[in-house]
Amino acid sequence: MEKNNKGKERISGSEALLRSLLCEGVDLIFGYPGGAIMPVYDALYDYQDKLHHVLTRHEQGAVHAAQGFARVTGKVGVCFATSGPGATNTVTGIADAMIDSTPMVVITGQVGSPLLGTDAFQEIDVVGITQPITKWNYLVKSAEEIPDAIARAFHIASTGRPGPVVIDITKDAQFGEVDFEYKKVNHIRSYTPVPLTKPESIIDAIDIINAAKKPLALVGQGVILGEAEEELKAFLDKTGIPAAWTLLGLSAMPTDYEQNVGMLGMHGNYGPNIKTNECDVLIAIGMRFDDRVTGDVTRYAKNAKVIHLEIDPAEVNKIIKADVAVLGNVKETLPLLTKDVKPNTHSEWMEEFKACDKIENEKVISDEVFPTQKGITMGEVVHKVSKAFDDAAVLVTDVGQHQMMASRYFKFKQSKSIVTSGGLGTMGFGLPAALGAKLGVPDREVCVFIGDGGFQMTLQELGTIFQTKAAVKIIILNNNFLGMVRQWQELFFDKRYASTELVNPDFQMIAKGYGIETALVSERENLDEAIERMAKSKESFLLEVNVEKEGNVFPMVPSGSSVSDIRLE
């Protein structure tokens, strides 16, 4: 390599990009090549021993795979795409990552600088399109800008409330040369990733918690992102406060933790939903009061004082007014509370949740998980799969009824064990996200539950699973319907099943075409054996289970209703 008079290597912008990624500890990239990013892929040819590139079958698959990787590892997911349609194909995944706070750097190729603004072949304004759905984005037009842009991108994506960053690099910048020097960024003027915690907010929160008779903690993904699982447990152990988790907060504490009272939200558990409106103190820990959790906000937690522990000031008072806002990373703020709160048990209050559990078990869970008189249910499949992997697998889901069933009945022993599309609700998310998760934690089992509708949105990623030999366990819960939409049509649109019934292809034949071992189950007596086969397999496996066509997910809080109006049937 040529060196300048300062001893720095003079290299191409493309190679500078790859070296910058190595400086950030990147060793896995998901992507799809094309004309405008071809110089980067040419440079990648010489870095294959250091940077493993996974060729997905679609750019959307690359972004979702990067999300899955990030969610189970806590690292920044990285993906490449070319300009034009390659870049626009990443938009859904970027938006998904933004809403669900997933750290990711998406690098897109762009036409040469002289062609910008001319409607050149495969030119699109990537920065303009992605500005509302990124923490930061930037158009690089010279090779000299690349190292600093990448350093800033990783700092912004991974700090504070994580999220996606897009770096769009023109083709001439990739071909250009730069005297390479990489300096990691740990500070950017005007960017404050973690707000200061006001001491008075800690004092006020402690006073409210100590006076509480019926407190309830709401545990969100902020605990997982902040790696504050031990701090959460210490706080809950000392205070005796019952804790419910959000969809993205699943696995922040073990399922069988004695103070874990279940899942919040539209299809969450009976107890934590109705007790939200009976508690006197609500402690929100790293969660954003999503509408699926609150229902009708005018009738939400009206008897409670609200303490909100949050890293993003924009989320405080956005939906639910906080009596006390404790800003900062919950890994730092929770111990400040734990230090001076009074020890307690709240045993009588906990018994009220157990009474709710008994009602839910009798009216919902027993018939869903242990049915006898009807066809195979989603809940029993989820329960059996979870047990087959000793409740220790990573759960990945697509979006729909199966997502809610899996979230309700899969069990967790360790953190970073849930990968699902929460805020955006992206059908097609599951399969590529499971691929990314498995490549991120190859020593863990990864089980992805997918509906027959969502599976057909990204089933081409079976090709990536085949090529990478990623041992993903794929469970299709097939009811020949777009199940969640059909449920709403049944309950709220007089069973007018408009455009929701599916005529499906032979999923077994498709999987076999990709060299993936399969099993099809239509009768209950064959289910255990098929799950055992899947669990014992050391390779990827597709298990298709024909479940009840018109099964519904209960409990359910109807859209726009109060959480107190939760339906058990």
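User: How many aromatic pairs does the structure hold?
Analyst: The structure holds 11 aromatic pairs. Rings of Phe, Tyr and Trp (its six-membered ring) pair if their centres lie within 6.5 Å. This is a predicted model, in which local features need pLDDT of at least 70, side-chain atom pairs count only at pLDDT 80 or more, and totals for chains, interfaces and linings use all residues. Residues are numbered from 1 along each chain as its sequence is written, and side-chain values use heavy atoms, with hydrogens and water left out.

User: Why is the pair of phenylalanine 289 and tyrosine 300 called edge-to-face?
Analyst: The centres are 6.1 Å apart and the planes make 80 degrees. Planes over 60 degrees apart count as edge-to-face, under 30 as stacked and the rest as tilted, so this pair is edge-to-face.

User: What makes phenylalanine 289 count as buried?
Analyst: Its relative accessible area is 2%. Buried means under 20%, exposed over 50%, and partly exposed in between (1.4 Å probe, protein chains only), so phenylalanine 289 is buried. Tyrosine 300, at 3%, is also buried.

User: Why is the pair of phenylalanine 410 and phenylalanine 449 edge-to-face?
Analyst: Their planes stand at 75 degrees, with the centres 6.2 Å apart, so the pair is edge-to-face.
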